Every structure is written in C-alpha cells, then in structure tokens.
Amino acid sequence: MNSESLLSATAAYVRQTLSGDSSGHDWWHIDRVRRNACRLAHAEGADIFVTELAALLHDIADWKFHDGDETVGPRTAKAWLEQHGVAAEVTEHVCAIIAGLSYKGAGVNTDMPTLEGRCVQDADRLDAIGAMGIARAFAFGGHFGRAIYDPEHPPELHATFAAYKSKGGPTINHFYEKLLLLKDRMQTPTGKRLAEERHRFLENYLQQFFAEWNAEA
Ligand code: ADP
Ligand code: NI
C-alpha cells in the first residue's frame, strides 16, 4: 500500500472508530491535530508521513477511556500499522509518539525525543487551548459529569501521573491544572508562537468567567 492510500485508509478507520464521541476526542479533533501537526512539520522540517500517521492515530484508544491504561493506544496503532505492512521502524516511531504524547500532570515531564513527536504533541496541545480548548474542556466535563466550577474545590498541581489520572474536579480547575501550563511546554518554535494567542484567549475567558461569577460584570 502506498503512503497516500495508507493515510486515507487510516483516516477512514479513525473516523469510524471515534464516531459518536462527545468528549472532545472526536474525529474533528483528530483532523485539526493532523492539519496543525503537518503545518508544524512543514515549518520545522520534520518527516510529514510519520507526523501525519501519528497525528491520525494518537487518540485511537486513549487511557482516559480504557480504565487509565495508557498501553492500549500504542498497541491498537501497532496492530493497525502491522496489518497494513508498514515498515517496522515507522511503526515503532509512530507508536513511541503515541505512547509519549499525553499530558500527565503539572509536575511530570513529557518532552518528546523526536522532531515528529514534538510536532504532534504541540498540535494536540494547541487544540487543548484557545477557543477550541475551552469548547473541548466543557464537552469533556459534561461527558464525565463534572461540575463547571466549585469555589470550595480548589485546583491542584499534580506531582505524578497517578495523582493526575485519579482527579475528578470541576472543569475550571483543569484550566489551572493543565491548560494554562501548556504554553510554556510547547516544544517547536512555531508551536510556541501559535500558543501565545490561544493562551491569551484562555486568560481573557477566565477573567470574564470570574467577573460574572462574582457579580462584577
Ligand atoms: P492529552 O493526551 O494531553 O490528554 P487529548 O487530546 O487526549 O490530550 O485531549 C485532552 C483534552 O481533554 C484536554 O485538553 C481537555 O480539553 C480534555 N480534558 C481532559 N481532562 C479534562 C478534565 N479533567 N476536565 C476538562 N477537560 C479535560
Ligand atoms: Ni488529542
């Protein structure tokens, strides 16, 4: 199978698998991440094929939906790529990207060792901030029955992945526990630049949110 056919077969497989998701991990999240990852890969000189494949498969079986098991995603991607005769080194690289991609808490380093991994991670994180990030955070919160905000339940900065995984706080806390921290963890120059404006948008949003909450706006 040539690269182009593999990419379209993979897109169709992912679209089918994630259809009906209402937690912010739907096909259109994947499509935005794929487009931004390729944009970053062009700008940074990364391998486009590996970047696009990893972007397409990055949420195929997220730990958040598999009892916290972060090995299901890479294993599912590996089975798909092997089944389609993809070269072993490409499969390994793509699966390593998927395995290392996720945010794991404020105190946990998740820097990516390859340029392609940095492009996919930055693209995934761009989709977690800005207008898109706000929509996704509340979609996720609603999906998992979380409160919007609770002034009696302050945010926590998690030191370990285990602590981050087990949290169940209100959605506004997630802004402080993850979203506002992403700007400084972007790993490509283009990703850092794009994150600036989206970050400002989050800050303005929170300012207005609290002004309204406190009957000041
Ligand atoms: P990651 O792999 O870094 O977790 P994903 O692509 O799986 O990234 O998307 C994670 C997105 O899911 C977050 O950016 C956020 O929008 C949403 N999310 C995850 N946890 C929460 C939470 N506790 N509250 C609100 N949104 C959340
Ligand atoms: Ni994602």
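This is a predicted model: local features need pLDDT of at least 70, side-chain atom pairs count only at pLDDT 80 or more; totals for chains, interfaces and linings use all residues.
**Entry 1: burial and overall form**

I started with burial: 50% of the 217 residues of the chain count as buried, where buried means under 20% relative accessible area, exposed over 50% and partly exposed in between, with a 1.4 Å probe and protein chains only. For bookkeeping, residues are numbered from 1 along each chain as its sequence is written, chains are lettered from A and ligands numbered from 1 in the order in which they are written, and side-chain values use heavy atoms, with hydrogens and water left out.

Next I looked up the secondary structure, and the chain has 10 helices and 0 strands. Helices (H or I, at least four residues) and strands (E, at least two) are DSSP runs, numbered from the N terminus. Read along the sequence, the pattern is α-α-α-α-α-α-α-α-α-α.

I then checked the dimensions. The C-alpha trace spans about 60 × 35 × 30 Å along its principal axes. The radius of gyration is 17 Å, which agrees with the value near 17 Å for a compact globule of 217 residues; the radius is taken over C-alpha atoms, and the globule rule is 2.2 Å times the number of residues to the power 0.38.

**Entry 2: contacts, surface and charge**

I looked at contacts (heavy atoms within 4.5 Å). Of those with a separation of 6 or more, 66% are between residues 24 or more positions apart.

The chain exposes about 10400 Å², and carbon and sulfur atoms supply 52% of it. This area comes from the Shrake-Rupley method with a 1.4 Å probe; for residues, only the protein chains shown count as cover.

I also found 22 positive and 30 negative charges, with mean positions 2 Å apart. Lys and Arg count as positive and Asp and Glu as negative, while His and the chain ends are not counted; the place of a charge is NZ of Lys, CZ of Arg, CG of Asp or CD of Glu.

**Entry 3: aromatic rings**

How many aromatic pairs does the structure hold? I noted 13. Rings of Phe, Tyr and Trp (its six-membered ring) pair if their centres lie within 6.5 Å; planes under 30 degrees apart count as stacked, over 60 as edge-to-face and the rest as tilted.

Tyr103 and Tyr164 are edge-to-face, because their ring centres are 5.2 Å apart and their planes are at 80 degrees. Tyr103 sits in the loop between helix H5 (88–100) and helix H6 (115–126), and Tyr164, 61 residues apart from it, in helix H8 (residues 161–165). Both are buried.

Phe175 and Tyr205 are stacked, at 6.1 Å centre to centre and 20 degrees between the planes. Phe175 is in helix H9 (residues 171–177) and Tyr205 in helix H10 (residues 189–213), so the pair ties together parts 30 residues apart in sequence. Phe175 is buried at 0% relative accessible area, whereas Tyr205 is partly exposed at 27%. Both belong to a cluster linked by ring pairs, along with Phe138, Tyr149, Phe209, Phe210 and Trp213.

**Entry 4: two residues I picked out**

Gln187 lies in the loop between H9 and H10 and is buried, with a relative accessible area of 18%. Its C-alpha atom is separated by 6.6 Å from that of Asp122, 65 residues apart along the chain. Leaving out residues up to four places away in sequence, Gln187 touches several residues, including Thr110, Arg118 and Lys192.

Is Ala215 buried or exposed? I found Ala215 exposed, at 69% relative accessibility. Ala215 is in the segment after H10 and has a positive phi of about 55 degrees although it is not a glycine.
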